[in-house]
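Hi,

Here is the structure I said I would pass on. Have a look at it first, and my notes on what turned up follow below.

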Amino acid sequence: MSALPACSDEVAFADWSAAVAARVEIALARTLPDEELAPQRLHQAMRYAVLGAGKRVRPLLVHAAGQLCKAPVAALDSAACAVELIHAYSLVHDDMPCMDDDALRRGKPTVHIAYGEALAMLVGDALQALAFESLCGAGAQGASAASTVRMCAELARAAGSTGMAGGQAIDLASVGLQLDRESLEDMHRRKTGAMLTASVRLGAWCGDPLDAARQAALERYAAAIGLAFQVVDDILDVEGDAGTLGKSAGKDALNDKPTYVSVIGLEASRDLARGLRDDAYAACDTLGAGAQRLHQIARLIVERKS
Ligand code: GRG
């Protein structure tokens, strides 16, 4: 597997993120069961759901936080695979007819369209289990046993009923309702923010412990980008098109879902996203040396077009 470019201002963010994405793609391809292994159709569908597409924002966060904490790169690959597998499972289930009922994801037919609903459900289940198997490998790859257990617990919490799955439950129950801003933020921090925060934490926990001030700054960074990601997602759902997004646009309004755009308006949503990006930048200033990649990811999250 190719080494990562060193973290310096001379190495462009685009080069670094492409190198991380390439490493993670190889690690994911190795982690996922081979298509020839029985049950072949399930394994084909798992690989279809995960490989070859996606922005890989969560793996980038794992590697950027890990770089800050001087973590072993192989351990970061395991943690990055784990968060991306959970994310892929959530997209497969979210697209099913019982949830968002979407036919397009990452520029291709969704898993239930390509493989049927029953298999799509099993794909999500199996990807979730594989995520924890991959994370357990982080110990063998250089993270300590104690931090591996801590990472497994964090991933379970972030994906579970008080995190992403809970946020999705609130989302489903909110159709047709006009949530107040506080409830909207709570839903988004769970549904989207929890897994982004977990990505930052896992990367950091693969490496050397931070002092209390820098630990607090890293938490502020994670909270800011976690919410910013969803605010931007709400904006893109209004402004984007399916060709650029690789998924259907305009779904939130169609499904009568409360979003930042519907609750506070488009311009205020843009201001909020920029304010959260600036909070993340301020946290990076406190983190100091080694936080360049985190700073650049905050910018990517707020300025992205897909
Ligand atoms: C089914 C338990 C369960 C949860 C679903 C993640 C999620 C919760 C739903 C996905 C729907 C959605 C649009 C969520 C908002 C933000 C989000 C997670 C967008 C997709 O993530 P990206 O943009 O996707 O990182 P790529 O394809 O680039 O990886």
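Let me start with α8, where Met 164, Gly 166, Gly 167, Gln 168 and Asp 171 are buried (buried means under 20% relative accessible area, exposed over 50%, and partly exposed in between, with a 1.4 Å probe and protein chains only). The packing partners of these buried α8 residues are α4, α7 (145–159) and α9, where contact means heavy atoms within 4.5 Å.

Before you read on, some housekeeping: this is a predicted model, in which local features need pLDDT of at least 70 and side-chain atom pairs count only at pLDDT 80 or more, while totals for chains, interfaces and linings use all residues. Residues are numbered from 1 along each chain as its sequence is written, and side-chain values use heavy atoms, with hydrogens and water left out.

Now the overall picture. The protein has 15 helices and two strands; these are DSSP runs numbered from the N terminus, helices being H or I with at least four residues and strands E with at least two. Its radius of gyration is 18 Å, close to the 19 Å that the globule rule gives for 306 residues, so the protein is as compact as a globular protein of that length. That radius is taken over C-alpha atoms, and the rule is 2.2 Å times the number of residues to the power 0.38. Along the principal axes, the C-alpha trace spans about 50 × 45 × 35 Å. Buried residues make up 52% of the 306. Of the contacts with a separation of 6 or more, 72% are between residues 24 or more positions apart.

The largest pocket holds about 1,000 Å³ of space, and among its 47 lining residues the closest to the centre are Leu 91, Asp 94, Arg 105, Asp 233 and Lys 247. (On a 1 Å grid over the protein atoms alone, a pocket is an open set of points with protein on both sides within 12 Å along at least five of seven lines, whereas a cavity is a set where a 1.4 Å probe fits but cannot get out; lining residues have an atom within 4 Å of a point. Grid points are joined across faces, edges and corners, and a volume is the space filled by probe spheres set on the points.) Helix α4 gives the largest share of this lining, seven residues, and α8 is one of the elements that supply at least two. By type, the pocket lining divides into 14 nonpolar, 13 polar and 20 charged residues. Here Ala, Val, Leu, Ile, Met, Phe, Trp, Tyr, Cys and Pro count as nonpolar, Asp, Glu, Lys and Arg as charged, and the others, Gly among them, as polar.

There is one cavity of 30 Å³ or more in the whole structure. It is lined by 15 residues, with Tyr 48, Ala 49, Arg 105, Arg 106 and Val 111 nearest its centre. The lining of this largest cavity has 10 nonpolar residues, one polar and four charged.

Most residues other than glycine have a negative phi, and most peptide bonds are trans. The bond from Ala 38 to Pro 39 is cis, with omega near 0°, and Pro 39 sits in the loop between α1 (13–31) and α2. Arg 56, in the loop between α2 and α3, has a positive phi near 60° and is buried at 4% relative accessible area. Asp 101 also has a positive phi, near 55°, but is partly exposed at 46%.

Cheers
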